[in-house]
Amino acid sequence: MESELFKCIEEMHGKTYKLFIENKLIPIVGNIYEPNLGMDIITSDKIAQEIDLIVDSAAITTFDERYDSALDANVNGPYQLMMFAKKCKNLKLLMHYSTAYANGEREGLILEKPFTMGESITKEKLTSISPYTNFPSLHVDNEIDLVSKLKNNITNNIVLEQIMKNLGVERTIDPLIFFYRKGDLPCLFGDPNVLVDFVPVDMVVNATMAAMAKTWKFAKSTTKCLSCGIIIYKSSLIYSNF
């Protein structure tokens with residue numbers, strides 16, 4: 001509530017600002033890696049009966065995160081959320097933030113072509129240069145199985161930590177970014193005239209609100225309007241009465 005982001009709302013409400021926020025938001029103890037998002041049965045049942053909106057922005061975006069931790073947050077987390085969402089009888093909208101697509105080293109007009117399971121930009125690049133190159137596909141079930149076997153077979157925590165870190169680097173990021181972040185690579189050479197696209201966070205928020213409003217408009221014509229929901233951020237759960 002002390003964040004600079006909420007200064008405008010604080011100025012609008014003055015002394016009643018904190019009371020206003022406390023009436024709107026209720027933090028809930030939970031864990032997106034677990035069934036029912038880690039909530040106790042009574043709380044999860046109550047929320048499942050009441051909410052009609054879920055906004056999910058919980059993810060690990062650290063470049064050098066342990067691979068098992070990244071899989072838990074970015075793969076198992078959305079799976080557990082989907083399982084919980086199926087219990088929400090009044091749910092009208094589940095909004096999930098994710099990377100839409102990545103450019104890699106492609107050139108020219110880049111279309112938002114979805115990847116199927118096992119595809120990747122690296123595989124696409126290698127096969128375009130050498131069509132007969134055998135590149136291993138990254139399949140979610142296989143990756144989870146790999147992590148599980150490593151944890152069961154390696155008892156030394158220091159060794160396991162390093163292996164998981166290495167897997168994270170190999171699987172998820174460009175090595176140049178990783179070494180730049182660590183400070184091992186002091187600079188990157190590039191063309192100063194190249195255009196770089198950034199999406200300001202306020203545009204993302206505005207698009208989110210627009211999607212909510214559109215869904216509310218549709219829901220209002222068919223059933224009751226959107227009234228309350230659950231917002232998931234960095235593995236924390238916030239119950240909101242709109």
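Visitor: How do you know how many disulfides there are in the whole structure?

Guide: In this predicted model, a search of the whole structure finds 0 disulfides.

Visitor: What makes Cys8 count as buried or exposed, and what about Cys88?

Guide: Cys8 has a relative accessible area of 56%, and because exposed means over 50%, Cys8 is called exposed. Cys88 has a relative accessible area of 5%, and because buried means under 20%, Cys88 is called buried.

Visitor: Why is the contact of Lys46 with Glu50 called a salt bridge?

Guide: The closest N and O atoms of Lys46 and Glu50 are 3.0 Å apart, and the rule asks for a side-chain nitrogen of Lys or Arg within 4 Å of a carboxyl oxygen of Asp or Glu, so the pair qualifies as a salt bridge. The two residues are 4 residues apart in helix α3 (residues 41-50), which means that about one helical turn separates Lys46 and Glu50. Lys46, with a relative accessible area of 46%, is partly exposed, and Glu50, at 29%, is partly exposed as well.

Visitor: Which residue forms a salt bridge with Asp145, and where do the two lie?

Guide: Asp145 forms a salt bridge with Lys149, and their closest N and O atoms are 3.3 Å apart, a value that can be set against the cut-off of 4 Å. Both residues lie in helix α6, 4 residues apart, which is about one turn of the helix. Asp145 has a relative accessibility of 37% and counts as partly exposed, while Lys149, at 49%, also counts as partly exposed.

Visitor: What makes Lys151 and Asp68 a pair that links distant parts of the chain?

Guide: The side chains of Lys151 and Asp68 meet in a salt bridge, with 3.2 Å from N to O. Lys151 belongs to helix α6 and Asp68 to helix α4, and the two are 83 residues apart. Lys151 is partly exposed, with a relative accessible area of 40%, whereas Asp68 has a relative accessible area of 7% and is therefore buried, the limit being under 20%.

Visitor: How many salt bridges are there by this rule?

Guide: The count comes to 7 salt bridges.

Visitor: Which way do the residues of strand β2 point?

Guide: Leu53 and Val55 point one way from strand β2 (residues 53-56), Ile54 and Asp56 point the other way, and all are buried. In a regular strand the side chains alternate between the two faces of the sheet.

Definitions and conventions. Residues numbered from 1 in each chain as written. Predicted model: local features only at pLDDT ≥ 70, side-chain atom pairs only at ≥ 80, totals over all residues. Heavy atoms only, no water. Buried < 20%, exposed > 50% of the residue type's maximum accessible area, 1.4 Å probe, protein only. Disulfide = S-S within 2.5 Å.
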